[in-house]
Each structure stands twice: as structure tokens, then as C-alpha cells.
Amino acid sequence: MEISLMNQDNLNPKNLNGKSPNRKSSLLKEIDFYLVTDSELSKKGTLSDVKEAVEAGCKIVQYREKNRSTREMISEAAETKRICSDKAIFLVNDRIDVALAVGADGVHIGQDDMPIGTARKLLGENKIIGLTVHNIDEAIEAEKRGADYVGLSPIFDTATKKDAGDGIGPEKIQEIKNAIRIPIVAIGGINNENCESVVQNGADSLVAISAVICSEDVKSEIKSFIDIIRRTKLKKQA
Ligand code: TZP
Ligand code: MG
């Protein structure tokens, strides 16, 4: 299928399982395992990881690329969007221009990236904007400024992001959960063993980069995360 880089919007009525447009919050309510790509760590490559993630049932993918030219990023992001099709929300890390060029569903930005109000003006109301936060004050501010979800980082110590800082511990999630209404995506040092505690403490979704993309079988790793996340959410509701 040829990818046009103009006028694409995954949040249209025909996409994302036929859900009506602009229902960002309802789409985000359905996410459990959240894939963030990393071409440096990946064993099989970003596009293979995205494909296996979507096949495993992952409903949100963030294309995060630090070492490619803009041209290469646009090409890879367009292909990532094609793989996500109507099955997964597709976001671009940092690069609002790349997100706009390929018609992504939104972006994920950090505290030092473009201010969220500026990003919102460029992207419009209908796109998803996720913001990385490290504490309760940043989380409250993110919600106030119109973030659609927060990425809370880092929950545990991690070697994947050198400047991530020390893990805040899963108990902090609960405190932040009580302070904001938008979804919390937990990130940093999460693996199969500690992921239950992350969901138990109130994370709506979680990212595990190295635990997934350094493995031999990305699809089965993600399936296993999805299984733990869903079972823990059900346990919490019971
Ligand atoms: N942002 C905060 S921590 C992190 C990013 C991108 C890395 C998470 O990687 P891992 O391997 O899941 O600890
Ligand atoms: Mg960033």
C-alpha cells in the first residue's frame, strides 16, 4: 500500500476499530502494554518489533528514534504507522514535525521538549499528546496544560536511558494516580517480575523497552506482559 504523507489521520471514524473520532480518552483507556521503539537496543529492528507488538495485541506504539536523519525517520515512521493501521495508536517521540508529516495519532514529549501548549497549537485538539513527568507536581501541571496522558519516569533504575535518574518506586504511582484523572503510563526498569506491582499501584499502562526488544521472542514477551497487566487490573477491580 502506498503511503501518502499528507492528510492522514488515524483518528478518523473508519480507524481504530471503528471508534468515533476525537475519542482520545476512550482510546487511551484501552491501552495496557505500550511499545517504545529503540533501534540501538533492538535485536531484530524497529519495524520487526512494531509488527510483533501489534500481532501480540499491543494497542499503542511510540516511534522513538535518536540516530536517524529526518528523511529516514519519516520513511520509518510512515511504515510504523502502516503496521499500526487500525490496531494501535501510533505516536512519535519528540518530533512534532515527523508526527505531522506522516499523520501520526500524536506525540510523546519530555519536559525539555517543545512546550505542550505550542505542540497543541501545531497538532490540534484531536491529536494525543503524552508528557513525561517525574513527580506529582509535574503530573498535575501536565494535566492542567492539556496532556492526554503522562509517562511517569523512571519507576525503577534503568540503564536504557542514561539520564533517567533514580527509580521513584512503584508506590509513588498511587500518590500521583490520586492527584490526576488522565492515564498514567509507567516507564523505567520494568520487567516481568516487577510489572504486577506497577499495575497494582495504579499504572494504567506500562513500557518495558529492554525486557522486550532485547529478547529473542518479542511477541511472546509482550503477550506475557499483556497477560499480567490484564490479570492484575481484573484482580484490582474484584
Ligand atoms: N524514558 C524514561 S526511562 C526510559 C525512557 C525512554 C527507558 C526505559 O527502558 P527500560 O529498558 O524499560 O528500562
Ligand atoms: Mg524527549
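Let's start with the shell around ligand 1. By class, the shell holds 8 nonpolar residues, 6 polar and 1 charged. The classes work like this: Ala, Val, Leu, Ile, Met, Phe, Trp, Tyr, Cys and Pro are nonpolar, Asp, Glu, Lys and Arg are charged, and the others, Gly among them, are polar. Of the 15 residues around the ligand, those that come nearest are Thr-158, Thr-160, Gly-188, Ile-209 and Ser-210. To count as near, a residue needs its C-beta atom, placed from the backbone, within 6 Å of the molecule or strand.

A word on the source. This is a predicted model, where local features need pLDDT of at least 70 and side-chain atom pairs count only at pLDDT 80 or more, while totals for chains, interfaces and linings use all residues. Residues are numbered from 1 along each chain as its sequence is written, with chains lettered from A and ligands numbered from 1 in the order in which they are written.

Now the overall picture. The protein has 10 helices and 8 strands. These are DSSP runs, numbered from the N terminus: helices are H or I with at least four residues, strands are E with at least two. How many of the 238 residues count as buried? The figure is 43%. Buried means 20 or more other C-beta atoms within 10 Å of the residue's own, exposed means 12 or fewer, and partly exposed is in between, with C-beta atoms placed from the backbone. Take contacts between residues at least 6 apart in sequence: 58% of them join residues at least 24 apart. A contact means C-beta atoms, placed from the backbone, within 7 Å.

Next, helix H2, residues 46-56. Its buried residues are Thr-46, Asp-49, Val-50, Glu-52, Ala-53, Val-54 and Ala-56. They pack against strand E1 (33-36), strand E2 (60-63), H3, helix H9 (210-213) and H10. After H2 comes Gly-57, with a positive phi near 105°.

Let's look at H2 with H10. H10 covers residues 218-237, and the two helices pack at about 40° with axes 8 Å apart. Axes here are lines fitted to C-alpha atoms, for helices over the stretch in contact, and angles run from 0 to 180 degrees between N-to-C directions. So H2 and H10 are oblique to each other. On this scale, under 35 degrees is roughly parallel, over 145 roughly antiparallel, 65 to 115 roughly perpendicular, and the rest oblique. Who makes the contact? From H2, Asp-49, Glu-52, Ala-53, Glu-55 and Ala-56; from H10, Val-218, Lys-219, Ile-222, Lys-223 and Ile-226. By class, that is 5 nonpolar, no polar and 5 charged residues.

Now the backbone. Most residues other than glycine have a negative phi, and most peptide bonds are trans. Where does the model depart from trans? The bond from Ser-153 to Pro-154 is cis, with omega near -20°. Pro-154 sits in the loop between strand E6 (149-152) and helix H7 (171-177).

Two positive phi values next. Ser-85 has phi of about 35°. Ser-85 is in the loop between helix H3 (70-84) and strand E3 (89-93). It is partly exposed, with 13 other C-beta atoms within 10 Å. Asp-94 has phi near 70°. Asp-94 is in the loop between E3 and helix H4 (96-102). It is also partly exposed, with 19 other C-beta atoms within 10 Å.

Last stop: Ala-159, in the loop between E6 and H7. Buried or exposed? Ala-159 is exposed, with 8 other C-beta atoms within 10 Å.

Conventions:
Two residues are in contact if their C-beta atoms, placed from the backbone, lie within 7 Å.
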